[in-house]
Amino acid sequence: MTSQGQDLRFGEFGQIAVELRTVNNRGFKWTPRLSDSLSSLEPRIESLVREEVKRGSILLSCFLQRGDSSSRYQINASVFRSYHAQLQGFRKEIREEFGFAADLDLARIASLPGCIYEALSSEELPDSLVDEVLATVSDALACLNRMRSTEGDAMRRQMLTDLESIELAVEEIRNRAPLVVDAYRDRIRGKVEAALRREGLTVEVPDLLREIQIYADRSDISEEITRLLSHGQLFRTAMEAGEPSGRKLDFVIQEMFRETNTIGSKGSDAEIARLVVEMKCALERMRELVQNVE
């Protein structure tokens, strides 16, 4: 489900900011962005998130901004000396080859990889800081879940409305189906009798009834109607189960589409075709919403 949650906490180690964003995905996709000093906490943070989010693409940002910024970063003297020594030798080679030597800028040397490091390393995180970070993540998850709950209730109401409209259409089709057979019987009888009169022939009644029965069997949609209503009840039960059921609901909708298509192909009636189109529109709305369901 597309949603977001965030939390901001000020403690003895500075400001901890956590932001969570989720978008639709068939499975669980985890994309964390953490401060370097908090990188060792990634597995524990992911475990917290997985307890609350079962499906979707999750982007988590967790940053620590320390209050003592002046002492936050330090120079790695051994790395700095190594860079300086190598550059001095390279500077000498340039002077001998080209007759001039470039100045060594200490600030540029300090910007090279490894020269500056964060004083608070991820291997020595105090327990109190770990607790603060995990608590901030938990609060952000609670915020995320509140938003998901609100959106989920709205989607649930919409899907139930669409499901009820489908069930009403199915009942109309159930009542309409026998009339279609009767209309076909009257139509074929009229055509046959008119043709026989023109040719001066006769036809046995059993032969005519057999043709009508073949059509009735070919256009019988009672099984499809029964299965479609059963799928609708299964959809309602899964939605009320109180557990992650997005994939199950997606599968049930696929089955409902299959039965609806069969009804449309066997119906051979303009009114049934109209009702089938309305059912497909409702199912398509439900399918789009189900992609947001965990």
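1. A residue is called buried when its relative accessible area is under 20%, exposed when it is over 50%, and partly exposed in between, as computed with a 1.4 Å probe on protein chains only. Glu255, at 18% relative accessibility, therefore counts as buried. The structure discussed here is a predicted model, in which local features need pLDDT of at least 70 and side-chain atom pairs count only at pLDDT 80 or more, while totals for chains, interfaces and linings use all residues. Residues are numbered from 1 along each chain as its sequence is written, and side-chain values use heavy atoms, with hydrogens and water left out.

2. The overall make-up comes next. The protein chain has 8 helices and 6 strands, where helices (H or I, at least four residues) and strands (E, at least two) are DSSP runs numbered from the N terminus. Along the sequence, these elements follow the pattern β-β-β-α-β-β-α-α-β-α-α-α-α-α. Of the 294 residues in the protein chain, 35% are buried. If one takes the contacts (heavy atoms within 4.5 Å) between residues at least 6 apart in sequence, 79% of them join residues at least 24 apart.

3. Strands count as paired if DSSP finds at least two bridges between them. S4 pairs with S2 in the antiparallel sense over 9 bridges, and Ala17 stands opposite Phe63 in S4. Strand S3 (residues 28–34) runs parallel to S4 and is joined to it by 7 bridges, with Pro32 opposite Leu60 in S4.

4. S3, helix H1 (residues 42–52) and S4 together make a β-α-β unit that is left-handed. The handedness follows a convention: a crossover is right-handed if, with the strands pointing away from the viewer, the path from the first strand over the helix to the second runs clockwise.

5. Arg21 belongs to strand S2 (residues 14–23) and, at 41% relative accessibility, counts as partly exposed. Leaving aside neighbours within four places in sequence, Arg21 is in contact with Ser3, Gln4, Ser57, Ile58 and Leu59. Although Arg21 and Gln4 are 17 residues apart along the chain, their C-alpha atoms are separated by 4.3 Å. Their side chains also make a polar contact of 2.7 Å, a term for a pair of N or O atoms within 3.5 Å of which, within protein, one must be able to donate a hydrogen and the other to accept it, and for which residues adjacent in sequence count only if both atoms are side-chain atoms.

6. Side chains of opposite charge can pair when their charged atoms come close. A salt bridge is counted here when a side-chain nitrogen of Lys or Arg is within 4 Å of a carboxyl oxygen of Asp or Glu, and a search of the whole structure finds 15 of them. One of these joins Arg21 to Glu19, with the closest N and O atoms 2.7 Å apart; Glu19 is partly exposed, with a relative accessible area of 29%.

7. A second salt bridge links Arg176 with Asp269, and here the closest N and O atoms are 3.0 Å apart. Because Arg176 lies in helix H4 (residues 127–199) and Asp269 in the loop between H7 and helix H8 (270–290), the pair ties together parts that are 93 residues apart in sequence. Arg176 is partly exposed, at 30%, whereas Asp269 is buried, at 18%.

8. Helix H7, residues 246–267, should span 32 Å for its 22 residues, and its end C-alpha atoms are 31 Å apart, which agrees; the expected span is 1.5 Å times one less than the number of residues. Its buried residues include Leu249, Ile253, Phe257 and Ile263. Within H7, Arg258 forms a salt bridge with Glu255, with the closest N and O atoms 2.5 Å apart, and since the two are 3 residues apart in the helix, they are separated by about one helical turn. Arg258 is partly exposed, with a relative accessible area of 45%. After H7 comes Ser268, whose phi is positive, near 50°.

9. Glu224 sits in helix H6 (residues 222–239) and counts as buried, at 7% relative accessibility. Apart from neighbours within four places in sequence, Glu224 is in contact with Glu259, Thr262, Ile263 and Lys266. Glu224 also takes part in a network of salt bridges that links Glu223, Glu224, Arg227 and Glu259.
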